[in-house]
Amino acid sequence: MSESEIKKFKLEGKEGVNLLNSFEFVKVLNENNLSKLMIILALKKNQSENNNAVIIFEKPHFAQDDINSLLALNSQFEMDIQNDIYNKFKIFPLYPYNNIQVQLIYPATEQHIQKYSVQEMFFVSETIEDYNNLTLKFIEQTQLNLNWVYNILEHKKESERIIFEDPDPVNGFILLPDMKWDGQVDNLYALVIVHQKDILSLRSLTGQHLPLLENLRNKCYTALEEKFGIKREKVRAYVHYQPSFYHFHVHFSHIKYQSPAMPDRNIPLSQVINNLALFPDYYQKSTLEMVIRKNEKLYDLYKHKFE
Ligand code: M7G
């Protein structure tokens, strides 16, 4: 490791330790042994108000390069079982092979805590009347703050991470790594945020938005291939319905990546484009199926449908 790398590591490490040190554990909100993920509720110490935090700890998936390095490393190890030709042991590699990905949401609102908690889920049909009378009310009253989105669009945050930008105010967008992406090509998880601010979600889309959708689809496929060598037939492009954030965005992920986010919310971008090309007002008329979770506000608005 070069001296500048060591310095960077020390700095990042020090900041990280201090950052997590100021929180204390309250309870586990969710865990997943397949994706090696644990999400906890924590409290900021020495603070009486607005002190909730949601912290997501995730062990990384292996990349082939990591395995090659692990074979070459002379790591500390602890033998567990040795029986004939069968051996099981633990190794304790040091930086940079022992990282844990952490997402810290602080201060976290009640909605963040609900979003990341284990919850019973339900499918529900949303007619256009339901959308206008119930869902829109929910969006107006309780939608999560969009500051992080505007920071990206205004280049105030994450500008160095931008993969591609089309600055056109109508058909333009920013393509950048999603916060959840661990950086491995096979796990690609990228986010496209459009410059237009008044498209809340899939429901707001009409035939007028086809140039935007086609523009972003084509330019993002090209950018992902140029930058990461991922061919378009290996990329899943989709929107979530309902999304968590009501500023229109599209997810681009590697076909091998299995997102811990609820897959039942995925609607392929190709299907959206096709529907709008056939029927420009498709999303102003259709009944859409969506998944809602028991503790979220939408559940209260829709529970009469299955009680
Ligand atoms: P969504 O479909 O609205 O919600 O997607 P979901 O989280 O329920 O899937 C929003 C996406 O934005 C998610 O994949 C988040 O991981 C991602 N995201 C959220 N925040 C706050 C950030 C951020 O600050 N930076 C980046 N790059 N991505 C974020």
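1. The buried residues of helix α7 are covered by elements that include α6, β11, β12, β13 and α8 (282–285). Contact here is taken between residues whose C-beta atoms, placed from the backbone, lie within 7 Å. Helices (H or I, at least four residues) and strands (E, at least two) are DSSP runs, numbered from the N terminus. The model is predicted: local features need pLDDT of at least 70, side-chain atom pairs count only at pLDDT 80 or more, and totals for chains, interfaces and linings use all residues. Residues are numbered from 1 along each chain as its sequence is written.

2. Which residues of α7 are buried? Leu269, Val272 and Leu276 are. They cover an arc of only 60 degrees around the axis, which puts them on the same side of α7; the arc is that of the directions from the helix axis to the C-beta atoms. An α-helix has 3.6 residues a turn, so residues three or four places apart point the same way. On the other side of α7, Ser270, Gln271, Asn274 and Leu278 are exposed. A residue is buried if 20 or more other C-beta atoms, placed from the backbone, lie within 10 Å of its own, exposed if 12 or fewer, and partly exposed in between.

3. The sheet is open and has six strands in the order β8-β9-β10-β12-β11-β13, paired antiparallel. Strands β8 (164–166) and β13 (266–268) stand at the edges with a single partner strand each, so one side of each has no neighbour in the sheet. On average, neighbouring strands of this sheet are turned by 30 degrees against each other, direction ignored. Pairing requires that DSSP finds at least two bridges between two strands.

4. Strand β11 (residues 235–240) pairs with β12 (residues 249–254) in the antiparallel sense, over four bridges. Across this pair, Tyr238 has His251 as its bridge partner in β12, and Arg236 has Ser253. Strands β11 and β13 also run antiparallel, joined by three bridges. The partner of Tyr238 in β13 is Pro268.

5. Axes are lines fitted to C-alpha atoms, for helices over the stretch in contact, and angles run from 0 to 180 degrees between N-to-C directions.

6. Is strand β1 (residues 23–32) largely buried or in the open? Of its 10 residues one is buried, so β1 lies largely in the open. Eight bridges join β1 to β2 (residues 37–44), and the two run antiparallel. Glu31 has Met38 as its bridge partner in β2. The hairpin of β1 and β2 has four residues between the strands, and in it Lys36 takes a positive phi near 50 degrees.

7. Around the ligand there are 13 residues, of which Trp148, Met179, His240, Pro243 and Ser244 come nearest; a residue is near if its C-beta atom, placed from the backbone, lies within 6 Å. The shell divides into eight nonpolar, two polar and three charged residues. Ala, Val, Leu, Ile, Met, Phe, Trp, Tyr, Cys and Pro count as nonpolar, Asp, Glu, Lys and Arg as charged, and the others, Gly among them, as polar.

8. The chain has nine helices and 14 strands. Of its 307 residues, 19% count as buried.

Terms used: Contact = placed C-beta atoms within 7 Å.
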